[in-house]
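The sequence and structure come first.

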Amino acid sequence: MNIIFLGSYPWSLLFLKKLLDSKKVSVVGIATKWNSRKHSKNEPTPVEKYCSQNGLSNILCLYDNLPDIILDKKVEIAISSAYPYKIKNDILSLMPFGGINIHPSLLPRWRGPDPVRRAILNDDQYIGCTIHCLTDEFDEGDILWQEAIPYEGQCCGDILNIIGNECAMSLENVVVSYCTGELKAWPQNGAITYATNLSPTEMIVTRENTCHEIKRIHAAMMPFRNTYFDDSIDTSFFFSEVSLEKKPLPYVKKEVKNGDLWLLPV
């Protein structure tokens, strides 16, 4: 079974590696950017770097080239993960089984680009991962697989690794079962919430935040973003109440446009 993989960020690599190792599917194209003009001056994406380092540059392609590759290689399905662009119906309709996407939330909860951080900041008791069919709109397709884990205070990076590895273990069987008709998708049910990107102010700890909220903010940011303190905060109070070591840690002062903020150490 020939597939196209679409992904850009480090999380995408969990699934790309599993698919490349599969004996049941064959990755014949990997799209990580939209087109050469839009990305001509950009740094290579993590997926692009991985392909270059592992002899896969020959199957790297741009979104613009997908129709030719799909028809030439007789691609049956597209699989996307952390691919920041909408895959249009005119592309999906070229493949017998369209496409599926891997999304790090319990859809329909937290549709959108920042689901894990939103789940952590919202104090969700469970966080998970969903494999769903691709449609015209982001994260709205019927579900093929979904798994939940209890949230126990892990940081964003750890959560992505936990749910990503769990999903990667099931991905091959989900793809094959869906394409053979053994697996039927079911509609998304429940309250719909949206995971918009965090605003700069949501990444700042203020004196209005409780200790519990501060822990959540820090967990949501790590290890991809820094957590900042408003300079009005008594940091000794923070470290005595929140730090596991219950003692101050070295921190670095950082000037930003919105004022003088303190950078929480990693």
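In this predicted model, seven strands form an open sheet with mixed pairing, in the order β3-β2-β1-β4-β5-β6-β7. Its edge strands are β3 (60–62) and β7, each of which pairs on one side only. From one strand to the next, the twist averages 20°. The protein chain as a whole has 8 helices and 11 strands.

**Strand β6 and its neighbours**

Strand β5 (residues 99–103) pairs with β6 in the antiparallel sense over 4 bridges. Strand β7 (residues 143–150) also runs antiparallel to β6, and 7 bridges join the two. In general, strands of a sheet pair through backbone hydrogen bonds, either parallel or antiparallel. The table lists some of the residues that face each other across these pairings.

| Residue | Opposite residue |
|---|---|
| Ile-100 | Cys-133 in β6 |
| Tyr-126 | Pro-150 in β7 |

**Helices across the sheet**

Which strands does helix α1 lie across? Helix α1 (residues 10–21) lies across β1 (2–7), β2 (26–33), β4 (77–81), β5 and β6, and runs at about 165° to β1. Helix α3 (residues 66–73) lies across β1, β2 and β3, at about 155° to β1.

**The nonpolar cores**

The largest nonpolar core has 53 residues, and Ile-100, Ile-102 and Ile-131 have the most contacts inside it. Helix α6 (residues 156–180) gives the most to this core, with 12 residues. A second, separate core has 18 residues, including Leu-6, Val-75, Ala-78 and Tyr-85.

**The chain as a whole**

Of the 266 residues in the protein chain, 48% count as buried. Among contacts with a separation of 6 or more, 70% are between residues 24 or more positions apart. The accessible surface of the chain comes to about 13,900 Å², and 51% of that surface belongs to carbon and sulfur atoms.

Conventions. Residues are numbered from 1 along each chain as its sequence is written. This is a predicted model: local features need pLDDT of at least 70, side-chain atom pairs count only at pLDDT 80 or more; totals for chains, interfaces and linings use all residues. Side-chain values use heavy atoms; hydrogens and water are left out. Buried means under 20% relative accessible area, exposed over 50%, partly exposed in between (1.4 Å probe, protein chains only). Contact means heavy atoms within 4.5 Å. Accessible areas come from the Shrake-Rupley method with a 1.4 Å probe; for residues, only the protein chains shown count as cover. Two strands pair if DSSP finds at least two bridges between them. A nonpolar core is a set of buried Ala, Val, Leu, Ile, Met, Phe, Trp, Tyr and Cys residues joined through side-chain atoms within 4.5 Å. Axes are lines fitted to C-alpha atoms, for helices over the stretch in contact, and angles run from 0 to 180 degrees between N-to-C directions.
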